[in-house]
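This briefing concerns the strand architecture of the structure shown below. Please read it alongside the sequence and the coordinates.

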Amino acid sequence: MFFKNKKIERKVTLEKSVLDSVITFCKMKHPNEGILILKGKSKNGQIKIDGLAIPPFNFTGPTFAGFPHSFLPFDNSYIGIVHSHPSGSAEPSVTDLNNFFGLVSLIIKSPYDDDSIFAWDSGGNALPLSINDKSETEKN
Ligand SMILES: [Zn+2]
């Protein structure tokens, strides 16, 4: 397929193994928010998340998880953050948007399963998110 004249379609792909780690981490942090750094690459609007990093330090509580960006080591494989919403919706709060880091923000809400995770851009717009399960794509 040839998309040269089309506007770039942004799409986020998340490795299933990364999703599983996020789920485990956020369940552990519950009822507090958990926050992790997303590692991966971005090319032509395609954001591919294939790893996680633990922030050097973080503040967590029931209502907001965050860390000062100025303390983040510079690493261009850091493409965003994921954090949990122990209650309520998976929509980003105003605080989340003010603390946006990188290209994409993933939010996972309770009960932290495969259908509880959503991707957002810095404007609070939903981005299509697909989970890449290697055992399933082998069939192609
Ligand atoms: Zn939030």
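Two strands are taken to pair if DSSP finds at least two bridges between them. In this predicted model, β6 and β7 are joined by two bridges and run antiparallel. Both strands belong to an open sheet of eight strands with mixed pairing, in the order β7-β6-β5-β4-β2-β3-β1-β8. Because β7 (126–127) and β8 (129–132) each have a single partner strand, they stand at the edges, and one side of each is left without a neighbour in the sheet.

**Antiparallel pairs**

- Strand β2 (residues 35–43) pairs with strand β4 (residues 78–85) in the antiparallel sense over five bridges; Lys39 has Tyr78 in β4 as its bridge partner.
- Strand β5 (residues 104–109) runs antiparallel to strand β6 (residues 117–120), and four bridges join them; the bridge partner of Ile108 in β6 is Ile117.
- In the pairing of β6 with β7, Ala119 has Leu127 in β7 as its bridge partner.
- The hairpin of β6 and β7 has five residues between the strands, and in this hairpin Gly124 takes a positive phi near 80 degrees.

**Parallel pairs around β1**

- β1 is joined to strand β3 (residues 46–53) by four bridges, and the two run parallel.
- β1 also pairs with β8 in the parallel sense, over four bridges.
- Val12 has a bridge partner in each of these strands: Ile47 in β3 and Leu129 in β8.

**Faces of β1**

- Strand β1 (residues 11–15) has a covered face made up of Val12 and Leu14.
- The uncovered face of β1 carries Lys11, Thr13 and Glu15.

Technical notes. Residues are numbered from 1 along each chain as its sequence is written. This is a predicted model: local features need pLDDT of at least 70, side-chain atom pairs count only at pLDDT 80 or more; totals for chains, interfaces and linings use all residues. A residue is buried if 20 or more other C-beta atoms lie within 10 Å of its own, exposed if 12 or fewer, and partly exposed in between; C-beta atoms are placed from the backbone.
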